[in-house]
Amino acid sequence: MAHGTSPYKIALVGIGKIARDQHVPALQASPDWELAATVSRSGTVEGVEAHRDFDAFLAARPDIEVISLCLPPQPRFAYARKALLARRHVMLEKPPGQTLAEVQALQRLAAKQGVTLYASWHSRMAAGVAAAKSRLIERVVQGVHITWKEDVRKWHPGQDWVFEPGGMGVMDPGINALSILTEILPEPVHLVSAELEFPENRDTPIAARLDFTGNVGAVFDWRQEGPQSWDIEIETNKGAIALRDGGARLEIDGTPAPLPEHPGEYPALYARMAELVAKGESDVDLAPMIHIADAMTLGRRVTVAPFNF
Ligand code: NAP
């Protein structure tokens with residue numbers, strides 16, 4: 001069901017790190033959107049109507065037809081389900097849920113309700129990704145090496161949910177790399193082995209090595225201090241292609257490739273959401289999350305030193 005015309009009224013739910021860093025500025029700068037309300041137990045945005053209770057918000061503001069959920073994955077399903085039952089269009093932060101089956105349940109519900117569900121993958125919107133994808137169409141990929149190493153204390157300060165069941169641990173950033181991989185590879189690959197390092201006091205991994213078919217490998221590590229590494233290096237029959245800085249930069253045979261003007265990852269996500277709502281369509285691609293689920297199923301577990309923030 002396509003709805004109204006832009007600017008669409010939107011509510012942001014879960015006013016935490018990513019809402020403040022990215023969602024609020026992207027929405028406030030966009031002509032497509034009017035940030036009409038927030039729902040958060042403690043967070044607010046200056047000048048925006050603030051609600052604390054989601055049920056009360058849904059009852060009070062039926063005019064706000066789009067809801068963007070910036071919560072951690074664990075509580076997200078319950079919020080998404082309520083929003084869809086209330087016939088609102090829903091945008092999900094990545095990863096779209098704790099499990100594949102709960103996202104599929106949301107997909108079915110969105111279709112039944114005739115509303116849009118968008119499982120967003122912000123890294124797919126990075127400046128170099130579309131250009132890398134188009135270069136790969138005319139090449140044969142011979143191997144891929146992903147290095148995704150960052151400092152969990154910098155990006156998830158004090159966020160214990162990342163180490164709780166459903167938080168995915170280092171797969172939370174790692175899934176960003178896999179969202180790019182699954183977008184740009186001409187042929188799909190699948191996981192063949194993995195090794196997962198679990199801190200002895202935590203329920204999710206802090207580091208991981210993943211090996212896929214097609215000579216594709218990934219190393220994720222959340223203990224990286226100093227410079228951060230978000231690199232995807234691709235060997236092809238016509239030389240090397242690399243995406244660096246999480247997909248923001250493209251290199252062809254070691255030389256930086258010029259990229260078109262880019263709005264930024266989150267402005268691009270919200271432009272896509274506006275397009276989906278206008279067309280009455282949904283966009284839910286579970287490919288990145290299938291690889292993570294496979295790694296959790298197939299991965300050999302290694303216990304490592306305890307981790308505390
Ligand atoms: P966060 O700051 O820890 O949490 C976001 C907000 O969600 C919190 O401020 C909290 O707001 C609400 N919340 C947390 N637990 C809740 C619960 N059990 N029930 C209801 N509300 C709860 O997390 P974040 O870093 O913004 O990450 C949120 C999502 O964005 C994750 O899926 C993450 O992967 C993704 N993301 C994060 C980053 C990053 O750099 N951190 C980057 C890209 C994407 P109230 O307590 O006020 O309700």
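The entries below go from ground rules to rings, backbone, pocket and a few distances.

**Ground rules**

I am working with a predicted model, where local features need pLDDT of at least 70, side-chain atom pairs count only at pLDDT 80 or more, and totals for chains, interfaces and linings use all residues. Residues are numbered from 1 along each chain as its sequence is written, and side-chain values use heavy atoms, with hydrogens and water left out.

**Aromatic pairs**

I began with the rings. A pair of aromatic rings is described by the distance of the centres and the angle of the planes. For my notes, rings of Phe, Tyr and Trp (its six-membered ring) pair if their centres lie within 6.5 Å; planes under 30 degrees apart are stacked, over 60 edge-to-face, and the rest tilted.

How many aromatic pairs does the structure hold? I noted nine. One of them joins Phe-163 and Phe-307, a tilted pair with 5.1 Å centre to centre and 40° between the planes. Phe-163 lies in the loop between helix 6 (152–155) and helix 7 (171–184), while Phe-307 is in the segment after strand 15 (300–304), so this pair ties together parts that are 144 residues apart in sequence. My helices (H or I, at least four residues) and strands (E, at least two) are DSSP runs, numbered from the N terminus.

Next I looked at Phe-163 with Phe-309, which is also a tilted pair. Here the centres are 6.0 Å apart and the planes make 55°. Phe-309 is in the segment after strand 15, so the pair with Phe-163 ties together parts that are 146 residues apart in sequence.

Phe-163 and Phe-307 are both buried. Phe-163 counts as buried because its relative accessibility is 2%, whereas Phe-309, at 34%, counts as partly exposed. I also wrote down that Phe-163, Trp-222, Phe-307 and Phe-309 form one aromatic cluster.

**Charges over rings**

My test here is that NZ of Lys or CZ of Arg is within 6 Å of the ring centre and within 35 degrees of the ring normal. Lys-154 lies over the face of Trp-155, at 4.9 Å from the ring centre. The charged end of Arg-301 sits over the ring of Phe-198, 3.8 Å from its centre.

**Backbone notes**

Which peptide bond did I mark as cis? It is the one from Lys-94 to Pro-95, with omega near -15°. I placed Pro-95 in the loop between strand 5 (89–92) and helix 4 (100–113).

Met-168 has a positive phi of about 75° although it is not a glycine. I found Met-168 in the loop between helix 6 and helix 7, and it is buried, with a relative accessible area of 7%. Asp-253 is another non-glycine with a positive phi, about 50°, and its place is the loop between strand 13 (249–252) and strand 14 (255–256).

**The largest pocket**

I took a pocket as an open set of points on a 1 Å grid over the protein atoms alone, where a 1.4 Å probe fits, with protein on both sides within 12 Å along at least five of seven lines; lining residues have an atom within 4 Å of a point. Its volume is the space filled by probe spheres set on the points, which are joined across faces, edges and corners.

The largest pocket has a volume of about 1200 Å³. I noted 45 lining residues, of which Lys-17, Ile-18, Trp-155, His-156 and Gln-159 lie nearest the centre. Helix 1 (17–28), helix 3 (73–85), helix 7 and helix 8 (265–279) are the elements that give two or more residues to the lining. Helix 1 gives the most, with five.

Ile-18 lies in helix 1 and is partly exposed, with a relative accessible area of 26%. The C-alpha atoms of Ile-18 and Pro-72 are 54 residues apart along the chain and separated by 9.9 Å.

Ala-111 is in helix 4 and, at 61% relative accessibility, counts as exposed. C-alpha to C-alpha, Ala-111 and Ser-123 are 26 Å apart in space and 12 residues apart in sequence.

Definitions and conventions
Buried means under 20% relative accessible area, exposed over 50%, partly exposed in between (1.4 Å probe, protein chains only).
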